[in-house]
Amino acid sequence: MIDQLFEFVQNHPLLVGAFLLVLTAWIAYEVRNSASSGVSSSQATQLINREDAVIVDTREAGDFKAGHIAGARNIPQSRIDERIGELEKVKDKPIVVVCKSGQASGTTVAKLVKAGFSRVYKLKGGMMQWQADGLPVVKK
């Protein structure tokens, strides 16, 4: 098996090089994005308690009603462009964007930053991590 891998690498150096380049770029992108704007559950709790942070839950209404962070505003990611005006009053406060697993909230963070919000963070691991950490959720 290893012999076949070495043979493939020798026969297709451009393909292997392109793969390694894409892999390196992807890893660098993920590291940069996760480190720059993500907060852990404990950091989010501190932002909520100390600085009155606003929680924006980007999951759909059904998931939101099944369990969400107390005081969170439900603005589904599919409607963030048309409902971004609802957040204008809290532009000076930190905003923590929450999704299901922490993967989809980066898009919303980017849109809010582009709209002029300066302190926008995503919750690392999303609601799955919040619940795994044993933190409270509200059900409606």
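**Note on the predicted model: surface patch and parallel sheet**

1. Ile-2, Leu-5, Phe-6, Phe-8, Val-9 and Leu-15 together form a nonpolar patch on the surface, with about 580 Å² of accessible area. Patches are made of residues with over 30% relative accessible area and no salt bridge, nonpolar side chains (Val, Leu, Ile, Met, Phe, Trp, Tyr) being joined within 5 Å and like charges within 9 Å. A salt bridge is a side-chain nitrogen of Lys or Arg within 4 Å of a carboxyl oxygen of Asp or Glu, and the areas come from the Shrake-Rupley method with a 1.4 Å probe, only the protein chains shown counting as cover for residues.

2. This is a predicted model, in which local features need pLDDT of at least 70 and side-chain atom pairs count only at pLDDT 80 or more, whereas totals for chains, interfaces and linings use all residues. Residues are numbered from 1 along each chain as its sequence is written, and side-chain values use heavy atoms, with hydrogens and water left out.

3. Helix α1 (residues 2-11) supplies the largest share of the nonpolar patch, five residues; helices (H or I, at least four residues) and strands (E, at least two) are DSSP runs, numbered from the N terminus. Val-9 lies in helix α1 and counts as partly exposed because its relative accessibility is 34%, where buried means under 20%, exposed over 50%, and partly exposed in between (1.4 Å probe, protein chains only).

4. The unreviewed UniProt entry carries the annotation "domain: Rhodanese" for residues 49-139, and such annotations may be inferred rather than shown by experiment. In the model this span is 33% helix and 15% strand, and its end C-alpha atoms lie 20 Å apart.

5. Five strands make an open sheet in the order β1-β5-β4-β2-β3, with parallel pairing (two strands pair if DSSP finds at least two bridges between them). Because β1 (38-39) and β3 (73-74) stand at the edges with a single partner strand each, one side of each is left without a neighbour in the sheet.

6. Strand β4 (residues 95-98) pairs in the parallel sense with strand β5 (residues 120-123) over three bridges, and Val-96 stands opposite Tyr-121 in β5. Four bridges join β2 to β4, with Val-56 opposite Val-97 in β4.

7. In strand β2 (residues 54-57), Val-54 and Val-56 point one way and Ile-55 and Asp-57 the other, and all are buried. In a regular strand the side chains alternate between the two faces of the sheet.

8. Strands β2 and β3 pair in the parallel sense over two bridges, and Asp-57 stands opposite Asn-74 in β3. From β2 the chain crosses through helix α4 (residues 61-66) to β3 in a right-handed β-α-β crossover, that is, with the strands pointing away from the viewer, the path from the first strand over the helix to the second runs clockwise.
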